[in-house]
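Please walk me through this model in the viewer, one selection at a time. I would like to know what to pick next and what is there.

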Amino acid sequence: PKQTALALAAGHSEVVSVTVTTDDKLKRKEPYVLNIKSATENAQAGEAFVTHDAVLFILPGKPEQVDLYQRVPAGLTMIGSLEDGRYGWQAELAGGGSIDEEGKKRIDFLFRGPDLQKKNIFGLRDEYRLNYFGETLNILAGDQGYSLSPLTEQSRYGRGGGINFHRPTFGAGAFYLKTREESPKANEVGGYLLYQPTGWFGLRANVLHKETDPVAFTPALTTNLYSIQAGTAWGKKLILDLEYGYSDNSRITRPNGNGCRIDLKGELGGARYAFEKTYADPGFFGYYRDSDYTSGALSIPLYKRLTGNISFRNYRNNLDLDPLAGSATDEASYRGGLSLPLPTGTNLTLTYEDYRKKDHMVFSPQFNFREHFFTAGIGQTFKRASLQGYLVSGYIDNNLTGSRNKPAENYSLYATFSPTLWQAYSIYARAGQD
């Protein structure tokens with residue numbers, strides 16, 4: 001902003017004219033603020049001074065055309081397919097966008113039918129949904145995925161509806177869904193309450209009622225799931241999410257079960273770390289069941305652009321060795337490697353992996369082997385293309401037979417090319433032994 005000073009003698013006055021130069025290409029109304037301040041020369045010593053602000057609105061000489069309607073982008077697609085003499089067609093109307101001038105309220109929708117999925121491989125299922133998203137209220141309706149929490153229901157596709165109310169410190173929501181083509185069919189009703197007194201800590205309680213139809217030799221199941229979540233975050237240094245769940249089941253053989261989940265990640269001094277643990281015993285009928293998963297990763301800058309990476313993961317299922325389940329998998333992977341991105345757009349990687357998989361069934365285990373593999377990779381990124389090549393070398397120990405496979409090598413190349421924003425081409429080639 002420009003400033004102009006005018007000195008006046010005591011008891012005198014002057015007429016002041018203020019002019020402003022505006023852009024002749026101005027298309028919208030713009031405010032101009034004129035600040036007037038009167039003060040004696042020694043006002044800083046405690047003498048009086050007066051300020052006054054005058055706001056002026058500059059109107060364009062040729063105002064832009066005003067649209068009286070709030071428009072939402074949408075597209076209409078006609079789909080036709082022919083397979084083995086069977087012809088089918090579909091119509092799809094889809095879109096979404098803001099429904100207010102501030103952009104704080106929006107909708108998205110999809111209406112597609114009839115169902116062609118069962119007629120040929122190119123056909124799509126019929127789907128109908130309409131969603132509304134606002135500052136404090138979200139409303140979902142139709143065919144889509146619904147979720148509650150990682151342990152109870154992380155995501156499930158079905159036809160239903162949901163509502164979510166959210167404020168800075170409080171939130172609540174509920175949903176209902178009925179699966180469509182999934183077997184066995186299921187109905188779910190869930191809800192939650194959220195309390196977040198500060199920006200770095202929050203609590204959430206979840207309830208899910210689930211009814212599953214009988215199929216083959218599996219009886220019907222009614223389950224009530226309860227879980228409590230706690231989360232805290234300290235910037236990028238630490239983000240921690242915890243959840244404990246309890247399952248109350250209608251089955252006599254497994255009347256209840258427990259599950260827990262830990263998700264920890266963050267950055268410290270340029271190093272990034274992550275740890276995740278998810279456990280659900282055989283009597284927990286939530287999103288996870290009868291499984292134990294643990295993983296961790298650490299990335300450390302070593303020297304300038306050179307980065308070291310180590311990670312591990314372990315997965316187990318059929319925790320009580322039920323012979324009707326067929327196998328009891330115990331899978332573990334340990335990885336370590338180096339990564340070096342260069343200023344030229346080239347990226348060099350070197351990785352070693354020790355992978356183990358074992359069947360813990362006492363009688364007639366189906367597998368027990370260990371893999372050792374080294375992978376060397378080189379990639380190059382260009383403005384419109386990228387190249388990535390890998391060399392993999394290693395061997396496999398078969399612990400069931402006590403034998404070791406011959407060392408194997410394979411080579412792979414992956415290339416992409418995007419001449420325009422709406423075109424992309426890719427090619428993949430692989431040669432060697434598995």
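The tour goes from the whole chain to single side-chain pairs.

This is a predicted model, in which local features need pLDDT of at least 70 and side-chain atom pairs count only at pLDDT 80 or more, while totals for chains, interfaces and linings use all residues. Residues are numbered from 1 along each chain as its sequence is written, and side-chain values use heavy atoms, with hydrogens and water left out.

**Whole chain**

Select the protein chain and colour by secondary structure: it has 24 strands and zero helices (DSSP runs numbered from the N terminus, E of at least two residues for strands, H or I of at least four for helices). Its radius of gyration is 32 Å, well over the 22 Å from the globule rule for 434 residues, so the chain is more spread out than a compact globule. That radius is taken over C-alpha atoms, and the rule is 2.2 Å times the number of residues to the power 0.38. Along the principal axes, the C-alpha atoms fill a box of roughly 110 × 60 × 55 Å.

Switch to a surface. The accessible area is about 29,200 Å², with 58% belonging to carbon and sulfur atoms (Shrake-Rupley method, 1.4 Å probe; for residues, only the protein chains shown count as cover). Of the 434 residues, 28% are buried; buried means under 20% relative accessible area, exposed over 50%, and partly exposed in between (1.4 Å probe, protein chains only).

**Salt bridges**

Now show the Lys, Arg, Asp and Glu side chains. The chain has 19 salt bridges, each a side-chain nitrogen of Lys or Arg within 4 Å of a carboxyl oxygen of Asp or Glu.

Select Arg180 and Asp143, a salt bridge with its closest N and O atoms 3.3 Å apart. Arg180 is in the loop between β9 (170–178) and β10 (186–198), and Asp143 is in strand β7 (residues 137–146), 37 residues apart. Both residues are buried.

Next, pick Glu153 and Arg156, whose side chains meet in a salt bridge at 3.9 Å, N to O. This pair is also buried at both ends.

Move to Arg316 and Asp292, where the N to O distance is 3.0 Å. Arg316 belongs to strand β17 (residues 306–317) and Asp292 to strand β16 (residues 291–303), so the pair ties together parts 24 residues apart in sequence.

Finish with Glu92, Arg112, Glu127 and Arg129, which salt bridges with shared partners join into one network.
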